[in-house]
Every structure is written in structure tokens, then in C-alpha cells.
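Keep the structure open beside the text and look up each residue when its name comes along.

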Amino acid sequence: MDIRQLAYFVQIAECGSYSLASQKLYITQPALSKVIKNMEEEMGFPFFYTYQRRQRLTDAGQAFYERAAKLLKSYNELIETTYVNERIDKGHLSVGLSVAAGGSMFAHVLFPFTAAYPMITFSILERETNLLKEEVLKKNLDLAYIDLFYFDQNKDAENFDVYPLVQSENVVVTCVDNPLARMTDLDYEDLRDQNMILYNGGKEVASQTEVEMRKLGIVPNIVLISTQWNFILDAVANNMGVVFCPYYIYSRYQNPRICAIKLCKHIGFRQTGIITKKNEYQTRACTCFLDYATDLTKYDGIKDCLMYHAAP
């Protein structure tokens, strides 16, 4: 028997249901039932009985639950206390990065953070925002940088704690040879006859734009889809099409063949944020990183790269 199995047992006892516990633990109900059956065989007594379609603790199960809950609490406290008493901030974090927004914001704080906390290491997973949310819930990620456009305040707030970070204005990026480059601002109607490039299959930055254009009766002429900003902006520089892009991404590419144009309305800003699983124990390493990365003063150095600046 191990800590993981004890955590499964405690979750069922507190939920009163195998099905609800399996949802919270993100494992199948048959697999969860098998774990409990093996534990009961090992202990020599049943943990639960069914009453009015709920799982109730037997007398022996109740006594076992009280001790198991204390043990789990002590286990978590032991890990935390060991780090605190030794005054060592160490550990490993699994971090998810939204392919549209996460990388730049994470990189901005990663290097100074690792200089301050050299014993905290990282592994990275790059996915779309909705897939990252699933991985955080499954406990495969400690935290994730996501595009908050895809954070549902009604649904997601039940499962995640969210830490909003900086926001960046969206712009249209075009080749300097395109007649659009002579305009100071654009509306969707101006893009009716333009070839358009979408980032990430339209599932992140471009999806809101594509939907709004279709509502206005404008069918985008999509000529290229890619998840690589450098490739996309090279294609724009060669006048293959135009792309909607957060200004902070555009500002990273010093290419004289492209320019950014402000949008009049509809699509304004995109905000990046960090999410963690709600009511989940956070390691010392995770707490240190969240304290550092959610300090908005850490992003003061890139504020000029977030908002559109008209050419003189």
C-alpha cells in the first residue's frame, strides 16, 4: 500500500461515491474500484457499504479513514517542513505553455528566476490552451500559461485558480509592399479581399477573428496555417498574406519587410495568465515560482512591447 492508494481511498470516503471520486482523480471507475478491492484484501476488512446509492464507511473503514487522512496531511506537511527548515528552495516543476502566448511570458521570468533559485528545475509541455487545462486537472502539470480568452469564468473557475498577467494589443501584420501598409488603422471590411494566414489552425489567436469576420459576411481567404510565428512572419514579409498577431510577438521580430497596423474595433487585447488546479497542495517550488511570476512589476521591462506604437 502506498500514499497514492491512501489518497484514492480518502477521496472516495469524502465524496461518498466511486464515480464522483474517479472524476476528481481523473482515473476510470473500474481502475479505482480495483485499487480499493486490493486494499481491502490487504487489510482484511471492507471499507465501504452501499446505502441509498452512496458509499458509506464501515466501522473499520471509518477508523482506517481517520488514520489515513492524518497520515496524508502529515506526509504533505513533512515535505513542506523539510524545505522550510533547511531553508532550501528546491524541486521540479512541470509547466504548460500555450502555443500562442505562453512561451514569451514564461521566458521573460524564467532566466532571472533560475538565477535566484538554481535548485528548482523545469520541464515544459507546449499545447493549446484547452489541452493544457486538461493536463493541469490530471495533475500532469503543476501550472500552465494560457490564453485567458479561453478561460470560462463560470465553468473553469470551479476547477482552477487563475493569476492574470499582462495583456497585449492585437494588430494586423502585413508586408510593407501591401497597400494596407499605408493605412493607419483597419477594420475587418478592409480585409475582405486579403489573403489571410492563421496561427495554429485558428484555434488560438485567430479563432475570435475568423468568427467575427464570418458574422459580418466576410469569408476569410485562408492561404496558410502554421504554429510557427517565425515562419508565419517570414511568409508575411514575402507578401503571401496578412496575419492577426499580438503586438508583443510582432515586436520581437525586427524585420523591415513587415509592419503592424492597429485595428479599429472588435478584437482588442489578449491576456496571458497562469492557472493551477484549485484546492490542490502546492509544493515549495511551485509556491516560489508563483510568487515570482505573478509579481506584475517583473514585466515592467516589456511594457513597450505589449501595445501598438504608431510609426512617426
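Is Lys298 buried, partly exposed or exposed? Lys298 is partly exposed, because its relative accessible area is 28%, and the cut-offs for that label are under 20% for buried and over 50% for exposed. Keep in mind that you're looking at a predicted model. Now for the wider picture, topic by topic.

**The big picture**

- The protein has 312 residues, and 45% of them are buried.
- Its chain folds into 10 helices and 12 strands.
- Take the contacts in the protein with a separation of 6 or more: 75% of them come from residues 24 or more positions apart.

**The largest pocket**

- Rolling a probe the size of a water molecule over the atoms shows where empty space is left.
- The largest pocket here has a volume of about 1,400 Å³.
- Its lining takes in 42 residues, and the ones nearest the centre are Lys139, Lys277, Asn279, Glu280 and Tyr281.
- Sorted by class, the lining holds 18 nonpolar, 12 polar and 12 charged residues.
- Several elements give at least two residues each to this lining, including the helices α1, α2, α4, α6 and α10 and the strands β3 and β12.

**Salt bridges**

- The count of salt bridges comes to eight.
- One of them joins Lys133 to Asp156, with the closest N and O atoms 2.7 Å apart.
- That pair links distant parts of the chain: Lys133 sits in helix α6, while Asp156 is in the loop between β5 and β6, 23 residues apart.
- Both partners are tucked away: Lys133 counts as buried at 10% relative accessibility, and Asp156 is buried with a relative accessible area of 6%.
- Another salt bridge brings together the side chains of Arg257 and Asp177, at 2.7 Å from N to O.
- Arg257 is in the loop between α9 and β11 and Asp177 in the loop between β6 and β7, so this pair ties together parts that are 80 residues apart in sequence.
- Here both partners are partly exposed, with relative accessible areas of 34% for Arg257 and 45% for Asp177.
- Lys298, from the opening question, forms a salt bridge with Asp295, and their closest N and O atoms are 2.9 Å apart.
- Asp295 is partly exposed too, with a relative accessible area of 27%.

**Helix α6 and what sits around it**

- The buried residues of α6 are Thr129, Leu132, Lys133, Glu135, Val136 and Leu137.
- An α-helix has 3.6 residues a turn, so residues three or four places apart point the same way.
- Among the elements that cover the buried residues of α6 are β3, β4, β5, β6 and β12.
- Leu125 lies in strand β4, and its contacts include Leu132 and Glu135.
- Leu125 also touches Val95, Gly96, Leu97 and Leu141.
- In sequence, Leu125 and Leu97 are 28 residues apart, but their C-alpha atoms are 6.1 Å apart in space.
- Leu125 counts as partly exposed, because its relative accessible area is 22% and the label "buried" needs a value under 20%.

- α10 is mostly covered, with seven of its 10 residues buried.
- Those buried residues are Ala285, Cys286, Cys288, Phe289, Leu290, Tyr292 and Ala293.
- In α8, which spans residues 229-237, the buried residues are Trp229, Ile232, Leu233, Ala235, Val236 and Ala237.

**Spots with a positive phi**

- Lys139, one of the residues nearest the centre of the largest pocket, follows α6 and has a positive phi, near 70°.
- You'll find Lys139 in the loop between α6 and β5, where it is partly exposed at 48% relative accessibility.
- Asn239 follows α8, and its phi is positive as well, near 60°.
- Tyr26 has a phi near 60°, which is a positive value in a residue other than glycine.
- Look for Tyr26 in the loop between α2 and α3; Tyr26 is partly exposed, with a relative accessible area of 37%.

Terms used:
Residues are numbered from 1 along each chain as its sequence is written. Side-chain values use heavy atoms; hydrogens and water are left out. Helices (H or I, at least four residues) and strands (E, at least two) are DSSP runs, numbered from the N terminus. Buried means under 20% relative accessible area, exposed over 50%, partly exposed in between (1.4 Å probe, protein chains only). Contact means heavy atoms within 4.5 Å. On a 1 Å grid over the protein atoms alone, a cavity is a set of points where a 1.4 Å probe fits but cannot get out, and a pocket is an open set with protein on both sides within 12 Å along at least five of seven lines; lining residues have an atom within 4 Å of a point. Grid points are joined across faces, edges and corners, and a volume is the space filled by probe spheres set on the points. Ala, Val, Leu, Ile, Met, Phe, Trp, Tyr, Cys and Pro count as nonpolar, Asp, Glu, Lys and Arg as charged, and the others, Gly among them, as polar. A salt bridge is a side-chain nitrogen of Lys or Arg within 4 Å of a carboxyl oxygen of Asp or Glu.
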